[in-house]
Amino acid sequence: MPATRRFTRALLAASLLTVGLAACGSGEEDKATGSDKSTDKQITVYSGRNEQLIKPLLDKFTEQTGIAVNARYANTAQLAAQLVEEGDRSPADVFLAQDAGALGTVAKQGMFSTLPEATTAKVPATYRAGNGQWVGVSARARVLVYNPDLVPADQLPASVFDLTGPAWKGKVGVAPTNASFQAFVTAIRVQHDDAKAEEFLRGLKANDPQIRDGNGKILEDVLSGAIPAGLINHYYLGEVAKEQGTTPDALKAKLHFFPGGDTGGLVNVAGVGVLKRAADNPDVQTFVDFLLGTEAQTYFAEQTYEYPVIDGAPAPAFVPALADLAVPQIDLNDLDTLDATVSMIKNSGLVP
């Protein structure tokens, strides 16, 4: 079997662990934004970002530029697998991915063009590909969310690896089928090694973790007191506060940012890569520049509660500045071995 075919099957298996395959190749998944669908100014975006969160921004782009966006929505791992499977036949112009690992996976197959230096230079080197083939457009930090009625601040862990200890038995919510958890485990493998990641997963499994199907459910249960703490991305606190018509500070849940460059404090990015077929399409470049503009970056901060990645856009009010976080020394380009991580998580017993 050719190597690319084996690779694609492994990636498809990884996406199954996340949400189960949908018919992301069907026309039912394609949705054009903008009122004039007959316009010649149209780009096709494979979006691993949630439609509810990202479509308002795509609509704004169309309103301002007259360029319609034909968006195909699916889970990021699914779309990465589909792009690899389609190869040069793909209709996609842009891959808008939920995490750096998926971008690195597609880049590793030689499918992305190199972005202009004027574009990549807007983003710190930490949050873009070293070869210029993808660039982050927003960032999110991994945190421990906790209920202060159940976890006193002076008992918070100094490291994510402490969560395998007896003091945390039965107290920590995790979502092992979630892409962000999988990227975090990949980060352990990169910062340390596979043996350390396997040790952590085995220890977590033995410590009676509270398994949930996503970050949102973990936060819900921490807020209610059903579980004392859980591993999530920071922005969920902002989303829940907005849904409840309050502020993050008023919620019965707090965020603990792991100190000292601990792997538990991984900062990952959502980002974009431009397919080679669209390298000379000025409308595609306009789209990438729009995502890195002040308006879109402010949208990420104020509407999805993520960190902007350019200077001049405000960070969410309830979290430390991105520059102030003690993030682990990890090259996000190395988070591109999802298939190996998924196998490791399954072998640990965290997923049946």
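**Helix α11 and its surroundings**

Start with α11, where Ala-296, Gln-297, Thr-298, Tyr-299, Phe-300 and Ala-301 are buried. Keep in mind that this is a predicted model. Those buried residues of α11 pack against α2 (51–65), β5 (135–146) and α10.

- Leu-292 sits in the loop that links α10 (282–291) to α11 (294–303).
- Is Leu-292 buried or exposed? Its relative accessibility is 3%, and because buried means under 20%, Leu-292 counts as buried.
- Leaving aside residues up to four places away in sequence, Leu-292 touches Thr-119, Lys-122, Val-123, Val-135, Gly-136, Val-137, Gln-297, Val-309 and Ile-310.
- One of those contacts, Gln-297, is also among the buried residues of α11.
- Gly-136 is another contact of Leu-292; the two are 156 residues apart along the chain, yet their C-alpha atoms are separated by 8.7 Å.

**After the helix: Tyr-305**
- Just past the end of α11, Tyr-305 takes a positive phi of about 65 degrees.

**Cavities**
- Rolling a water-sized probe over the atoms shows where empty space is left.
- How many cavities of 30 Å³ or more are there? The count comes to four.
- The second largest cavity holds about 60 Å³ of space.
- Thr-126, Tyr-127, Leu-266, Val-267, Val-327, Pro-328, Ile-330 and Leu-332 line that second largest cavity.
- By type, the lining of the second largest cavity splits into seven nonpolar residues, one polar and no charged.

How values were computed:
Residues are numbered from 1 along each chain as its sequence is written. This is a predicted model: local features need pLDDT of at least 70, side-chain atom pairs count only at pLDDT 80 or more; totals for chains, interfaces and linings use all residues. Side-chain values use heavy atoms; hydrogens and water are left out. On a 1 Å grid over the protein atoms alone, a cavity is a set of points where a 1.4 Å probe fits but cannot get out, and a pocket is an open set with protein on both sides within 12 Å along at least five of seven lines; lining residues have an atom within 4 Å of a point. Grid points are joined across faces, edges and corners, and a volume is the space filled by probe spheres set on the points. Ala, Val, Leu, Ile, Met, Phe, Trp, Tyr, Cys and Pro count as nonpolar, Asp, Glu, Lys and Arg as charged, and the others, Gly among them, as polar. Helices (H or I, at least four residues) and strands (E, at least two) are DSSP runs, numbered from the N terminus. Buried means under 20% relative accessible area, exposed over 50%, partly exposed in between (1.4 Å probe, protein chains only). Contact means heavy atoms within 4.5 Å.
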